[in-house]
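The following questions and answers concern side-chain contacts and solvent accessibility in a predicted model.

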Amino acid sequence: MAALLAYEGMTHNAEARYVKTDNSYTTQVLYRLGFAWSPTSWDYVERMLRAIAQLGYFE
């Protein structure tokens with residue numbers, strides 16, 4: 001959330017570019033170390049969107 005709000009509008013009409021990322025190596029290392037997380041549920045996504053909407057992010 002903080003990153004979205006901090007960098008909002010910082011391009012000053014310049015073209016924004018997205019950098020391709022690949023976290024497969026890191027994911028494999030964490031999995032081998034016993035770190036795993038459950039898939040994101042639609043309930044979580046809905047609550048997150050409501051929370052940022054209340055901050056006025058989509059206005």
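Q: Does W37 count as buried or exposed, and at what relative accessibility?
A: The term exposed applies over 50% relative accessible area. W37 passes that cut-off and therefore counts as exposed, with a relative accessibility of 51%.

Q: Which residue forms an aromatic pair with W37?
A: The structure holds two aromatic pairs. In the tilted one, the centres lie 5.1 Å apart with 50° between the planes, and the partner of W37 is F35.

Q: Why is the pair of Y57 and F58 edge-to-face?
A: Planes over 60 degrees apart count as edge-to-face. The ring centres of Y57 and F58 are 5.5 Å apart, and the pair is edge-to-face because the planes stand at 80°.

Q: What separates R47 and D43 along helix 3?
A: Both residues belong to helix 3, which covers residues 42–54. Because R47 and D43 are four residues apart there, their separation is about one helical turn.

Q: What is the relative accessibility of R50, and does R50 count as buried or exposed?
A: R50 lies in helix 3, four residues from E46. E46 is partly exposed at 38% relative accessible area. R50 has a relative accessibility of 52% and thus counts as exposed.

Methods:
Residues are numbered from 1 along each chain as its sequence is written. This is a predicted model: local features need pLDDT of at least 70, side-chain atom pairs count only at pLDDT 80 or more; totals for chains, interfaces and linings use all residues. Side-chain values use heavy atoms; hydrogens and water are left out. Helices (H or I, at least four residues) and strands (E, at least two) are DSSP runs, numbered from the N terminus. Buried means under 20% relative accessible area, exposed over 50%, partly exposed in between (1.4 Å probe, protein chains only). Rings of Phe, Tyr and Trp (its six-membered ring) pair if their centres lie within 6.5 Å; planes under 30 degrees apart count as stacked, over 60 as edge-to-face and the rest as tilted.
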